[in-house]
Amino acid sequence: MSKATASRIPATPLAWERLEALLHRVSKPGRYVGGEYNSVHKSWEETAFHVCLAFPDLYDLGMSNFALAILYEIINQEADVLAERTYLPAPDMLEQLTAAGIPLYALESYRPVAAFDLLGISVAYEQLYTNALLLMDQAGLPVRAAARDARYPLVIGGGHGAFNPEPITAFFDAFVIGEGEEVILEVIDALRPLKDGPREEQLRALAQIPGLYVPSFYHASYTATGELAVLEPTIPAAPPRIAKRIVGTLPPTPIKQLVPNIDVVHNRGVVQIQRGCTRGCRFCQAGAINRPVRERPAAEIEETVAALTTATGYEEIALLSLSAADHTEIAPLLHALQERFTSPPLSFSLPSLRIDSFSLELADGLHGSRKSGFTFAPEAATERLRRRINKQIPTQKLLTVAEEVFRRGWRTLKLYFMIGLPGETDADIAAIAELATEVRNIGQRVSQSRIQVNVSVNTCVPKPHTVFQWEPLADGETIQRRISYLQRHIRGRGLDLSWNRYQETQLETLLARGDRRLNAVVERAWELGARFDAWSEWADFDAWKQAFQELAVDPHFYLYRAREPEEVFPWDHLQSGVEKRFLWQDHQRSQAEEFLDDCREQCHACGILQRYAQQRSAEWQCPARGSEKAKERGSEGARKRESEEAKEREDEKAKERVSEEAKERVSEEAKERESEQAREREDTGALRVRVTFATEKNLAYISVLDLGSIWERTLRSAGIPVKYSQGFHPRPKIQFARPLPTGCGGAAEWVDLWLETPRTAAAVRATLQGQTPPGLTVLEVHPVAETEPALQEMVVATEYYTLLREVDPDAVKTAVAALLAAETVMRPQRGRRRHKQYDLRPLVQELAVEEDVPAPWTLALRMHLAALPGATGRPDEVLKTLALEDVPYRCTRQRIFLC
């Protein structure tokens, strides 16, 4: 249907007042207001094509998705295209949005998601599938692609789940298979001239782009016994096989990364130092579908870290990789980073470490980071089972590493194990308990502090595109028996065991290995209430059970059936580059308990080099093709000479680079000294300054801890030399006058900064201008004597101005009069001790009703609240006492009174 017969969804932004009316009623309202530092705001009218990038789970998780961050930057670099973001609200906000008739909106412009031209949804893992349907429905889109016409955005999925999207093909128009940096722009170029054209024409254009899978152009046939017989294209433009897209050379890391205003799961800057993995763990889908390994040069990483910290103010940088310790320059890189970024202190984390590539040099390179803990994934506790899964980790190596980690001051070690692995026995389970206990004992022997060994156990899911894709899921009775054994034997001081529920594993396996017949099951489960399947507090497995029963689909067919070597898999037409032939050969090696060497040392002809030979770059860590060991040995001398010559050339380049960088640093330091001397001649400055600032709109809905983080990052990004505390985790020395309640803006807030070197108030103010996120405005800066008491100790009262609407003025006046006339007003105490109460009445010094207010407000309350030792008046508590907490209101703290 063309635009001539179907009008597009209006792109009218959601009014702030409508959204504001809901925010006081939900937890963590900062999830829903946007305004993050480095968010991009482009003109809707001046851009020709509009993309909404969606992560179908909470903001807390979605903001940590690096793939969407990469696409966000790439798209917004295009002059006539904009990209905005949306996430799935939590159940309490979903309820409020539905009741108010507000569809899902994008965080940058508050425009409805349905008004965009393209909706890109991450399907990073299988538990997001029902959430994707919920997100479409909340946006006002029909969930089935066949029911969406030109009025609605075209919906494209991507991520690891796209490597077998068959259980959700009815809901998406297309899927990107593989890496999206290049293909996303090709998709936009193909759709831009067709944005108002028929949907069929758009889909045909997408089908011609390499790496794009348009499921409506394919038909599945099944055998009499239920296996997939063939999945074949129905039009000539659709290829029978879709090869994943890769980028031969890693594009630059996004520098102006989004900085959330609230705390999220991975609240740190990210530099992807390497993509792919060469280890060949037989259960690991990520290792298979992300080949080949491409390694970012150390010099580029170092400069990226410098630019990233300036652009974001992050105090921690994650060096991202499937196996960070496998980067060939990781130890010298960490050393260089620690030497360079000492003031202000910057910490580094390696989210993924392999024991077999871990070194003491690497541990020492992390000496400046928080010594909270290390995480290792031995996966199996016996060397026999490790041979089955291709994890070359001698037990003694693990024990040695654990000892050195504890000896160097780290207090926590987390160990990941898998159960339900092919070939597993009870002896393998007993070995997990024995190994965990031995690691704990080593830590207690060598550490000066109390140590903790956390053991996490998850059931193996035989994923598509892996060596174990022919294997069945381990049965529930066996898994429960083995978990019970570990519960009895991993206990006591310094040991903790966690495990996932078997129902979670069953669901993940069903969706990972399913075919198109599961589309109806996914839809029915969602209709019955299945959503947030990865969250224990919200998951509804009974809905899934009922859906399978109603539709007469047998889950055992997908869960517990061993596949024959020649069986056609639902994902065979989507090619990861690792050939099915190679995976079957490695499956046989697994059963024979044979290791397969790291493919950096020897190419095993998995198929990657053959398929992507034209894209190979210097970043690839693959050796020359060919697996004959004799041939490798014969060329060893030549390779060694080539390697030595290459290293010499790199060393020379590095020396030149270091020399140039040193000259630049000397020049910059000289300029800074001259600038400092000029400022000192003008004014000696102060070591303590007080900043008066205002917060409004989005920043009114964050906690005081989140506001503190914003200030810390603002100061770091601005380069203001704030003093830091001592200890394992230094913090900047800043102090607020009084915490702002969540949901309340501030007209004149105060924060004191203790400076490392004297700065004039004017210089501090000038430096802060332009560095603060939307919603935070610096009003004044003035010096304060270092001997002056702490701000918090001087606050005696605060004044709040609260606008109200949709209220009965007479009823409000009556309630205010009753509160003022009461001798006591007992309220439940906040925090853990909910059974205790306190008297609010002495804290309410003044409370007045003001009727001269602007539209659309009805009236206002002016509150003068005391701040006594151990008790502070809060406006939300006053509103609850007046039974006004659920009406639309806007609260602003107008003044803070000091003694």
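**Notes on the predicted model**

1. Starting with the overall make-up: the chain carries 28 helices and 30 strands. Keep in mind that this is a predicted model.

2. If you take contacts between residues at least 6 apart in sequence, 76% of them link residues at least 24 apart. As for the surface, the chain exposes about 37,900 Å², and 50% of that comes from carbon and sulfur atoms.

3. If you go looking for disulfides, you'll find zero in the structure. The pair to check is Cys744 and Cys891: the closest cysteine sulfur to that of Cys744 belongs to Cys891, and at 3.4 Å it is too far for a bond, because a disulfide needs the two sulfur atoms within 2.5 Å.

4. Now over to Thr98, which sits in helix H4, spanning residues 91-100. Thr98 is exposed, its relative accessible area being 54%. Which residue does the Thr98 side chain touch through a polar contact? That would be Gln138: the two side chains are joined by a polar contact of 3.4 Å. Thr98 and Gln138 are 40 residues apart along the chain, and their C-alpha atoms are separated by 7.9 Å.

Definitions and conventions
Residues are numbered from 1 along each chain as its sequence is written. This is a predicted model: local features need pLDDT of at least 70, side-chain atom pairs count only at pLDDT 80 or more; totals for chains, interfaces and linings use all residues. Side-chain values use heavy atoms; hydrogens and water are left out. Helices (H or I, at least four residues) and strands (E, at least two) are DSSP runs, numbered from the N terminus. Contact means heavy atoms within 4.5 Å. Accessible areas come from the Shrake-Rupley method with a 1.4 Å probe; for residues, only the protein chains shown count as cover. Buried means under 20% relative accessible area, exposed over 50%, partly exposed in between (1.4 Å probe, protein chains only). A polar contact is a pair of N or O atoms within 3.5 Å; within protein, one must be able to donate a hydrogen and the other to accept it, and residues adjacent in sequence count only if both atoms are side-chain atoms.
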